[in-house]
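Please keep the sequence and the model in view while reading.

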Amino acid sequence: MKVANENSIKKLVLVLVFLALSICTIHAQDHVVTIKVLDSVQLPVANATIRINTKEKLADSAGSFFTTLPKGKYRIVASAVGHYSTTQQVTINHDTTFQILLKGRESLLQNVFVTANRNVLRNQMSVHSLEMSQIQKLPMILGEVDPIKTITLLPGIKNGGEASAGIYVRGGGPDQNLVLLDGIPVYNPNHLLGFFSVFNGDAVKNIEVIKGGMPAEYGGRLSSVISVNSREGNKDSLKIGGGVGLISSRLSVEGPLIKKRSSFVISARRTYIDQVAKLIAPDSIGKNGYYFYDINAKADFIINNNNTLYLTFYTGKDNFTFADDDNDGPAREFNAIWGNTILGLTWKQQVDKKWKQELSLVRNDFNLNSRVIFGTNGFVFSSGLTDHSIKNDWTYTPTNWVKWKTGFQYTWHIFRPGAGSSTAGVQEFQTQIHDQYAREAAGYISTDIDITTKLNLVAGLRYSYFNQIGPTERVIYGADGSPTGETEYYKRGQSIARFKYPEPRVNLLYKLPNAASVKLSYTRTIQYLHLATTSAATFPSDLWVPASRLIQPGKADQIAAGYFKSFRNSQYEISAEAYYKTMSNQLEFKPGARLLLNQNLEGEMIFGTGKAYGLELFFQKKTGRLNGWIGYTLSRAERTFPQMNEGKSFPYRYDRTHDVSVVANYRLSQKWEAAAVFVYGTGNALTMPTGRFLYNLGYDSDKKQPIFTNISQYNKINDYRMPAYHRMDLAFTYTHKPNSNKRFKSNWVFSLYNVYNRRNPYFIYIDVDEDERKVQGKQVFLFPVLPGVTWNFKF
Amino acid sequence: MFMSCERNFDIKLEDNVPQLIVEAYINNELPLYNYVILGRSQGYYDNGFENIPVTGATVTITEGTLEANNVYNWNTATKKRLIEGKLPQFGNAMLPGVYFDSMISRNQLNRALIGTPGKHYLLEIDAEGKHYSAITQLLPVVPVDSLTSGFHYLDDDGDSTLEKARITVHYKDPDTIGNTILHYWRHGYDKDNFGWGGLGSNRFITGSDELVNGEYIHLTHSYGFLLTDSVSYFMAGVERKVYNFWDSFNKARSNGGPFSTPVKLLNTIEGENVIGCFSGFSLSVRSIVIK
């Protein structure tokens with residue numbers, strides 16, 4: 001015991017020396033061992049579990065694993081989701097690099113979940129990973145596979161209700177999630193006001209959500225990292241896959257660019273409900289219509305054993321038209337086209353045995369163009385933003401018990417809050433809200449140290465910097481929103497507002513006997529961009545606005561503690577996590593604030609604080625004929641704004657006291673698989689009126705009766721609870737010839753959404769019928785029981 | 001776009017704290033339209049759809065100026081008491097909760113309360129043992145240059161087809177930024193309607209000039225007027241807090257649906273448990289016969 005303590009102290013002293021001097025040593029007799037985990041077509045297998053004799057560790061997302069081992073013989077077992085595990089006996093007597101090939105499971109959709117001890121061993125707090133093979137089996141509305149929707153089945157991650165776009169992680173807002181596609185931020189990750197996300201299941205390899213204990217390399221958002229990784233193409237032969245669903249179809253083409261060295265994959269999808277509707281009911285549809293399409297592409301090029309290039313491309317557009325051109329009243333037409341375009345180039349390099357680095361160049365665009373015609377009035381509005389970023393990350397692994405990471409990110413933001421023109425009869429107004437510019441930068445250093453064989457520390461410091469600069473012109477407004485008549489002009493590059501903050505991150509892992517562990521984490525996060533939205537949903541017209549003189553950056557501090565255990569040879573895993581989070585500089589808009597073409601957007605904002613705490617329980621059965629998970633969250637999220645609710649705290653709209661999700665897969669036979677999802681959540685918090693009164697009174701002399709408008713009187717904010725939300729969905733997957741050796745493979749997915757036809761409230765309101773002199777509460781619900789069918793194929 | 005259904009649903013609400021509702025106006029053109037209506041709010045599910053009048057209040061309006069040191073100087077000689085009275089327009093029936101200058105009841109409109117552009121006005125109310133007050137300003141008048149009609153269309157309401165036209169108002173926005181304007185009109189055929197709430201049905205097209213400051217404006221309203229209609233047009237320049245109030249009124253009355261957040265009507269009245277606005281309207285009045 002004394003010896004162990006001395007060793008620990010020695011390591012700790014060494015760590016401190018490392019921190020102070022950044023000088024690293026390596027035991028002279030250890031050899032550097034590099035393992036590449038690949039599948040049968042030479043594609044890296046992400047996050048494989050590597051067991052060396054009795055010690056388990058995880059490979060990274062690129063299938064690489066580094067360690068140092070003394071001379072000797074070792075038994076190495078590699079396992080990963082969707083693959084059979086492989087065992088190799090290896091003799092280490094010098095620095096070694098070798099590959100482990102994992103054979104994929106045969107069926108088109110994988111049958112079992114295999115993530116051995118992942119959460120127990122990994123020193124990352126509050127993380128969930130899902131492979132597409134898991135997601136594809138779950139029932140989804142109208143059969144549309146959606147990775148973003150699926151993560152809301154995990155504890156601590158909530159959606160906003162039926163058909164809601166937002167993801168709410170541990171009491172944070174929907175703009176507080178760093179949604180990444182291959183490391184590139186996606187500003188508007190939704191199609192169709194949130195019914196579907198922009199991520200096409202065919203193009204995605206896996207998705208990971210970090211709810212707390214964010215590693216130092218991530219920043220810029222307060223609440224979570226939602227990292228979507230697209231898959232690489234087949235390096236051996238040309239493959240085509242796709243699916244035909246009720247409202248959309250998908251097609252993917254992949255294959256080698258240079259055999260074994262370079263591949264591409266292009267996945268595209270388009271909805272066609274507009275085209276179907278036009279065929280079925282051309283008269284009633286008229287000019288109305290909606291569709292979206294998106295294209296994901298990825299190419300990789302292995303320059304040599306140590307250098308690989310990756311190119312990620314995404315573009316998508318939504319096109320929505322509403323036209324009411326019958327002759328009853330003025331003609332109305334609304335058309336909006338919006339979407340993201342993302343381009344990223346990444347160079348991954350294994351510099352030497354200890355050093356590797358990743359360099360990324362990124363361009364990111366979001367644009368909205370809309371047009372409204374109402375009678376003689378026309379209105380055109382456009383907005384958007386563009387980012388140019390560079391990111392460089394370095395990893396240094398001097399020994400098998402310590403790893404260092406360092407890097408920097410720099411982003412040049414251009415915000416286009418809005419340009420509009422309107423025509424009102426003979427008048428034309430041209431309007432341009434001044435563009436805004438900002439530079440955002442961050443540097444970080446972190447270390448991952450095994451202080452003892454049982455205690456691991458991941459400690460990092462991120463230092464972020466944000467600078468809003470000219471050229472721009474600001475109109476100065478008074479407290480009541482009136483312009484003071486003064487304007488401020490900032491020259492190109494002139495600083496308007498500057499912020500810099502340290503963001504410490506600490507994760508501690510202590511391994512307990514019998515495949516169990518406890519973890520502790522502390523995270524500070526800073527967010528310099530806010531999403532300006534007044535509505536409960538997210539709209540494409542919502543604006544991202546930079547921190548400025550008036551808008552302070554959001555800050556969050558979170559502590560979390562958890563217990564993790566796997567048992568029965570990793571077949572089962574349980575975890576319990578508790579968290580407490582405080583947030584400052586939270587932003588709300590004054591009720592009824594005007595966001596479009598408002599030069600004084602900042603004047604419409606009010607600022608407050610937030611608090612969230614909760615307990616998350618998770619039970620997962622990973623393998624076997626029946627597998628799946630049960631998640632439960634008990635939580636509270638609240639906000640405090642001096643100008644709202646008389647300064648008293650009030651529940652956040654998406655405060656959900658109880659949240660339950662049950663996900664189960666069951667293999668019925670060789671050909672049939674069943675999946676079921678059940679969700680339950682406390683209803684959203686709403687502000688409901690307490691009273692009503694008449695205003696804008698007049699008198700109709702003809703009818704001899706008063707003229708008035710009924711106005712609602714409100715008291716406390718979010719004091720009313722919607723009814724609880726619950727629903728069960730089922731899916732059945734049929735594979736005609738599961739063991740066929742033929743190239744062409746296909747399956748059918750039959751799904752039922754909302755099996756027991758629960759009328760979950762989409763929204764509720766009180767209808768005041770002045771003619772009938774009746775006041776009646778109403779509930780609107782969207783989706784009854786909905787069948788879906790999708791045919792997937794691959795050849 | 002997708003299917004949606006609706007059903008009745010029992011929504012249990014918190015108990016309501018009744019508020020005094022104040023609707024008060026001062027303008028420079030229409031003495032009959034300078035009045036104060038006092039009402040009371042009620043529980044959401046309470047019976048009744050009429051204004052619940054607050055009667056017997058002491059209501060006064062005093063003219064004054066804002067001095068250079070930002071202090072109001074109220075001219076007590078101008079203080080007018082408004083009383084609940086009988087109007088010829090309402091068959092000389094008592095109008096509870098509606099307070100006018102007594103000169104109006106006596107049909108002496110030329111001696112009744114009228115606003116002057118540039119002046120400030122103090123509203124004081126003593127009702128049910130409590131005191132309330134509000135201040136508004138009449139801004140310099142933004143004159144309407146002219147009105148034209150055009151943009152004809154056929155309005156088919158299912159029973160008949162009527163030819164209608166739209167009004168365009170022409171005026172020069174002042175060079176100072178922050179001018180806010182409300183637009184009202186009255187048809188020839190319902191000219192006997194009464195009150196700001198009794199004017200044309202599309203009456204709250206609010207506008208602020210941040211985006212069009214100093215421009216010559218030709219604003220065409222979507223609302224369709226019957227041909228030969230004789231329309232009185234009132235363009236009301238208002239200070240920002242009055243504009244903000246009526247803007248919140250527009251939002252509050254059209255509030256609802258899944259994507260909206262509740263809009264609380266703003267308040268410009270000082271006092272306990274009160275909601276309302278003292279609206280100073282600097283009117284420019286024109287009329288037009290629709291062609």
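**Cores and overall picture**

Leaving aside residues up to four places away in sequence, B:Leu38 touches B:Leu20, B:Val22, B:Pro53, B:Val54, B:Ala57, B:Gly97, B:Tyr99 and B:Ala127, where contact means that C-beta atoms, placed from the backbone, lie within 7 Å. The model is predicted: local features need pLDDT of at least 70, side-chain atom pairs count only at pLDDT 80 or more, and totals for chains, interfaces and linings use all residues. Residues are numbered from 1 along each chain as its sequence is written, while chains are lettered from A and ligands numbered from 1 in the order in which they are written.

**Confidence**

- The predictor assigns the complex an ipTM of 0.92 and a pTM of 0.81.
- Chain B has an average pLDDT of 85, and 88% of the residues score at least 70; pLDDT is the predictor's confidence in each residue, from 0 to 100.

**Burial and nonpolar cores**

- Of the 795 residues in chain A, 46% are buried, meaning that 20 or more other C-beta atoms lie within 10 Å of the residue's own; a residue with 12 or fewer is exposed, and one in between is partly exposed, with C-beta atoms placed from the backbone.
- The largest nonpolar core has 71 residues, of which B:Val22, B:Val36, B:Leu38 and B:Ala236 touch the most other members; such a core is a set of buried Ala, Val, Leu, Ile, Met, Phe, Trp, Tyr and Cys residues joined through C-beta atoms within 7 Å.
- A second, separate core of 64 residues includes A:Val169, A:Leu181, A:Ala637 and A:Ala731.

**Strands and sheets of chain A**

- Chain A contains six helices and 50 strands, taken as DSSP runs numbered from the N terminus (helices are H or I, at least four residues; strands are E, at least two).
- Strand β8(A) runs antiparallel to β15 (residues 204-210) of chain A, with five bridges between them, and A:Leu130 has A:Ile207 in β15(A) as its bridge partner.
- Strand β50 (residues 786-794) of chain A is joined by four bridges to the antiparallel β17 (residues 239-244) of chain A, where A:Val244 is partnered by A:Trp791.
- Nine bridges also link β50(A) to β47 (residues 745-753) of chain A, again antiparallel, and A:Asn747 stands opposite A:Asn792.

**Domains**

- Chain A is assigned domain 1 (26-102), domain 2 (118-226) and domain 3 (692-794), with bounds from an automatic or database domain assignment.
- Ten residues from domain 2 of chain A and 17 residues from domain 3 of chain A make up their contact.
- Chain B is assigned domain 1 (20-137) and domain 2 (146-263 + 281-289).
- Nine residues of domain 1 of chain B are in contact with eight residues of domain 2 of chain B; on the domain 1 side, β2 (20-27) and β11 (130-137) of chain B each give two or more residues.

**A residue of chain B that touches chain A**

- B:Asn8 lies in strand β1 (residues 5-8) of chain B and counts as exposed because it has 10 C-beta neighbours inside 10 Å.
- Residues up to four places away in sequence aside, B:Asn8 touches A:Gln776, A:Gly777 and A:Lys778.

Methods
Two strands pair if DSSP finds at least two bridges between them. Two residues are in contact if their C-beta atoms, placed from the backbone, lie within 7 Å.
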